[in-house]
Amino acid sequence: MKIRTAKYIIREGIFNIYRNIFMTLASVGIITATLIIMGIFLLLVLNLNENTRILKEQPEMEVFCSPELTDMEIYEVRAKISGYELVEKFHMVTREEAFQELVEIFENRQEMLEGYDESIMPVSFIIELKDPTRSDEAISYFKSINGVESVRYSLDAIRFISAVTNWVRVISTILIAILLVVSLFIISNTIKLTVFARRKEINIMKYIGATDWFIRWPFIVEGAIIGFMGSILAFIITGYAYNVIVDRFNRDFVGISSNFIRLVELNRIGFDIIMAFCLVGVAVGAVGSLVSIRRYLRV
Amino acid sequence: MVELKNVYKRYPNGTVALRDINLKISKGEFVFVIGPSGSGKSTLIKLILKEEDATGGEIIVNGFPVSTMSRRQIPYLRRSLGVVFQDFRLLMNKTVYENVAFAMQITEALPKDIRRQVPMALALVGLSKKANAYPGQLSGGEQQRVAMARAIVNNPSLLIADEPTGNLDPETSWEIMRLLNEINQRGTTVLVATHSKSIVDAMRKRVVVLEKGAIVRDQEKGSYENEDKDGKVYY
Ligand SMILES: Nc1ncnc2c1ncn2[C@@H]1O[C@H](COP(=O)(O)OP(=O)(O)OP(=O)(O)O)[C@@H](O)[C@H]1O
Ligand SMILES: [Mg+2]
């Protein structure tokens, strides 16, 4: 295609958008809504994956003492653990080590730890079992020890998160497929209005020897621009809302050090999300146009 | 230039619009196609433009095997000829100049060629002064001349007109016919379907008469009606 033809096509496409501005806005709206819902699921899956990854890196079983225990009491807990028949190996994590870990997790948000020191952290024991199949038995034994506040067994958590992730995947795939079809339908109706308004022109163009693609392209550009506007809008809304949630969440949950879930920061995944939005938005717009113009090309 | 061999056209509803048409139009000819309403004139033109497909026979136009080629070839067939219709078919939201230029734009012509050829075509049809007017501001005759400028701007070797004067008064019709004649004098083959008896009789061109879908007369320097020896008048 020659540059002057491309210029013509883009000019026509933009002109079409102005021509029925209300339907254009409606289409942008529906694409935005679809993409926001897609974005919610995308973020959900990304976060589930991220937390699964973190969990997998962590020791299988960790026993947390209450933070206020004295050294003497901790010694007693240690003795009960080391004497337990199911324990193969164990390692004690001191308050200092635990706090250092927290500092590493919040590497670029140090202000959140301001005013705290290692005294807020509990001592914990990382335990390797002789027989992982008897983990339930071991967990209830550890919980019965005086001074033990919680036991984290990450295999259970991993299994649970995996199951949730799978369900989220299935549900979101179905929902997004339905939404895509709906937005495809609405956008193709918008373009159909333009096509209908211009059917005489299309007819004339065919008579003077315009190729199908020459006629089609402006409509595809129209659809693609609608899709693009929808993607940008959806990204702004989703991104803003997600940032607010991440801020709240990561602040409120910072104290729960044993089992806490972390949300992925937007700047780490924002690019992927905006790319996904644009790709889907533009594709839906362009395909919607193709569908609506097809029957008017038969002359 | 144009050749039809044993061409049949049967519409899906069963109407047989053309039967066993054999017609050969050579380069530089001026041909009138006449016949009563419903005799198949427009159908003949639609077949040449591949707007409809023949249901039998063979059609060759400007070297294009119209009856056998694929749909994708249609734009190139149509660029090789100019078409003028009774209802002008101009783009109402484009100026006269833009309407004519558009026919070149779709062929991806060079802007410098467009700037040269469009004024030439407008001058030929006598509309240079109206270049910036919109079709809605023009008379029927002027609109038809715009359509003719558009039809010839790509220098087609064949110009086809389906009742180009059908919506025009006799005076204006004559202007259009003179213009068609001039285009023909410059070497373009011209094919005109018409109902205008006075024009056909006055111009003394080749006349092809259709009746109920068949060619009943094909005559050099013909007239609208044919009087045979008994004085009986028929098409
Ligand atoms: N799309 C169509 N479907 C079915 N029948 C058609 C179609 N177009 C034309 N016909 C029929 O084919 C026959 C020839 O029609 P055509 O339009 O070619 O006649 P014409 O000579 O151009 O008439 P007129 O002088 O009134 O323009 C008519 O009987 C008409 O009813
Ligand atoms: Mg007709």
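The largest nonpolar core in this predicted model comprises 64 residues, and B:Phe32 and B:Leu180 have the most contacts inside it. Such a core is a set of buried Ala, Val, Leu, Ile, Met, Phe, Trp, Tyr and Cys residues joined through side-chain atoms within 4.5 Å, where buried means under 20% relative accessible area (1.4 Å probe, protein chains only). Leaving aside residues up to four places away in sequence, B:Phe32 touches several residues, including B:Met177, B:Val192, B:Ile199 and B:Met203, a contact being heavy atoms within 4.5 Å. A second, separate core holds 30 residues, among them B:Leu77, B:Leu81, B:Val83 and B:Ile160.

Turning to the interface, 21 residues of chain A are in contact with 23 residues of chain B. About 2,100 Å² is buried between the two chains, with carbon and sulfur atoms giving 54%; this is the accessible area (1.4 Å probe) that two parts lose on being put together, summed over both. On the chain A side, A:Arg4, A:Tyr207 and A:Ile208 lose the most area to chain B, together 35% of what that side buries.

The interface has 1 salt bridge, defined as a side-chain nitrogen of Lys or Arg within 4 Å of a carboxyl oxygen of Asp or Glu. It joins the side chains of A:Asp212 and B:Arg71 (3.5 Å, N to O).

Residues are numbered from 1 along each chain as its sequence is written, with chains lettered from A and ligands numbered from 1 in the order in which they are written. Local features need pLDDT of at least 70 and side-chain atom pairs 80 or more, while totals for chains, interfaces and linings use all residues; side-chain values use heavy atoms, without hydrogens and water.

Conventions. Buried < 20%, exposed > 50% of the residue type's maximum accessible area, 1.4 Å probe, protein only.
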